Amino acid sequence: MSDAILVVNAGSSSIKFSLFLERGEALDLLLGGQIEGLYTTPRFKVKDAAGATVGERQWSAGEPLGHDGAIAYLASFLREQLGEHRLVAVGHRVVHGGLDYAAPVRLTAEIVGHLEQFIPLAPLHQPHNLRPIRLLLAHQPQLPQVACFDTAFHRHQPETAQAFALPPEITERGVRRYGFHGLSYEYIASALPQVDPRAAAGRAVVLHLGNGASMCAIHGGRSVASTMGFTAVDGLPMGTRSGNLDPGVVLYLMDELKMDARAIEKLLYQQSGLLGVSGVSSDMRALLAADEPRAKFAVELFVYRIGRELGSLAAALGGLDALVFTAGIGEHAAPIREQVCRAAAWLGVELDPTANAAGGPRLSTAGSRVTAWVIPTNEELMIARHTRTLVAAGAPG
Ligand SMILES: Nc1ncnc2c1ncn2[C@@H]1O[C@H](COP(=O)(O)OP(=O)(O)O)[C@@H](O)[C@H]1O
Ligand SMILES: CC(=O)OP(=O)(O)O
Ligand SMILES: [Mg+2]
């Protein structure tokens with residue numbers, strides 16, 4: 001029998017989860033999976049640490065499963081899987097921690113109330129992140145819950161990296177650059193010393209290219225700049241998000257197209273990015289396989305923007321020692337990595353095409369001045385580590 005930590009990453013249409021067992025110093029994955037397609041075509045799939053399927057279910061269109069139903073289903077599934085093991089804590093990914101949360105925190109109803117104020121800053125994520133926390137607080141108030149924030153890793157960036165050029169009365173309201181995907185970057189920063197000690201002590205740009213996509217400049221293990229800002233719609237074009245935009249475009253949409261805030265929100269978060277530009281799909285696999293010129297242009301634009309941001313982040317670092325690719329596209333899309341590395345040749349990146357086609361981990365030639373790597377991210381393990389540390393320290397709940 002072991003103590004178990006459940007990790008929950010609840011998104012707008014999916015709930016991802018992992019169950020870890022505490023084995024001395026180690027956190028061993030027992031199982032991990034997700035319920036995706038909530039409200040449309042819900043599918044549940046769970047695998048054990050060796051990748052074998054241990055649970056699978058689909059719901060028919062006549063059984064619209066939402067967040068609450070999915071959580072109830074998960075609770076009974078996990079109770080069964082836990083068997084002899086004892087659930088000691090639940091760790092959650094919470095996307096926005098605002099100004100106040102620069103580290104993980106043991107959750108109380110009061111803190112959840114405080115975190116609800118950031119819903120407008122992360123409308124695709126925050127409300128869904130908080131929902132299972134509220135439900136668990138109501139049903140199992142004695143079970144320790146910990147929030148791990150995507151913003152926390154970036155909170156110690158230099159002030160110049162965090163500030164917008166706005167008057168202080170606006171900045172003081174918390175209107176500043178936060179940056180996201182911090183749990184992923186923190187995990188990569190923890191793994192890089194074993195992979196490339198020189199870069200871990202020096203200057204690396206990590207490219208988290210998933211459905212949400214961002215890049216982070218890391219110096220000696222600390223975040224110094226990132227492409228996402230006040231919200232997770234900033235920076236690179238993403239699956240359905242626009243990425244950075246001249247703010248004048250928003251004024252134009254309001255004044256000339258008479259769009260209100262909700263309509264603009266929908267456009268920028270759900271109808272833009274790879275999906276909006278291609279008109280085909282938000283999924284990079286579909287775009288790489290498509291012949292339509294618009295699909296090709298969406299990929300070209302994605303790579304171009306990455307190249308531009310790379311120059312900017314390398315400038316913030318004062319040079320570059322390594323590039324690290326991670327998340328769905330970064331880990332699996334060799335053609336994207338190849339194009340990005342070619343666009344980064346001027347910085348000293350020399351790609352080894354064979355290594356790239358093989359998926360790395362090293363992508364650069366032996367003689368390359370700047371190294372390039374694939375490191376699979378593990379936000380769940382990072383959350384489990386934080387949760388264990390906080391609960392072991394007896395943080396009050
Ligand atoms: N083999 C692949 N080739 C190209 N893109 C891929 C591949 N596998 C996954 N992806 C991309 O990764 C994206 C999902 O990344 P992921 O990090 O899992 O996202 P999220 O955690 O934000 O849901 C998908 O939208 C898809 O475009
Ligand atoms: C912050 C963010 O964009 O997260 P995700 O990639 O999960 O959408
Ligand atoms: Mg993700």
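Figure 1. Buried residues account for 42% of the 397 residues in the chain. The model shown here and in the other figures is predicted. Among contacts between residues at least 6 apart in sequence, 63% link residues that are at least 24 apart. The secondary structure of the chain consists of 16 helices and 13 strands. The radius of gyration of the chain is 21 Å, close to the 21 Å given by the globule rule for 397 residues, so the chain is as compact as a globular protein of that length. The C-alpha trace spans about 55 × 55 × 45 Å along its principal axes.

Figure 2. According to the domain assignment, domain 1 covers residues 3-149 and domain 2 covers residues 197-379. The centres of domain 1 and domain 2, taken over C-alpha atoms, lie 27 Å apart. Where the two domains meet, eight residues of domain 1 are in contact with six residues of domain 2. The side of domain 1 that touches domain 2 is made up of five nonpolar residues, two polar residues and one charged residue.

Figure 3. R93 is listed by UniProt for "binding site", in an unreviewed entry. The residue is part of strand 6, which runs over residues 86-94. R93 has 23 other C-beta atoms within 10 Å; a residue counts as buried at 20 or more, so R93 is buried. Leaving aside residues up to four places away in sequence, R93 touches N9, N129, C148, D150, L183, E379 and I383.

**Figure 4. The shell of residues around ligand 1.** Ligand 1 has 13 residues around it, and those that come nearest are G210, N211, M284, G328 and H332. Two elements, helix 11 (284-289) and helix 13 (327-332), each give two or more residues to this shell. Helix 13 gives the most, with four residues. By residue type, the shell around ligand 1 holds five nonpolar, six polar and two charged residues.

Technical notes: Residues are numbered from 1 along each chain as its sequence is written. Chains are lettered from A and ligands numbered from 1 in the order in which they are written. This is a predicted model: local features need pLDDT of at least 70, side-chain atom pairs count only at pLDDT 80 or more; totals for chains, interfaces and linings use all residues. UniProt positions are given in the numbering used here, feature names are shortened, and annotations may be inferred rather than shown by experiment. A residue is buried if 20 or more other C-beta atoms lie within 10 Å of its own, exposed if 12 or fewer, and partly exposed in between; C-beta atoms are placed from the backbone. Two residues are in contact if their C-beta atoms, placed from the backbone, lie within 7 Å. Domain bounds come from an automatic or database domain assignment. Ala, Val, Leu, Ile, Met, Phe, Trp, Tyr, Cys and Pro count as nonpolar, Asp, Glu, Lys and Arg as charged, and the others, Gly among them, as polar. A residue is near a molecule or strand if its C-beta atom, placed from the backbone, lies within 6 Å of it. The radius of gyration is taken over C-alpha atoms; the globule rule is 2.2 Å times the number of residues to the power 0.38.
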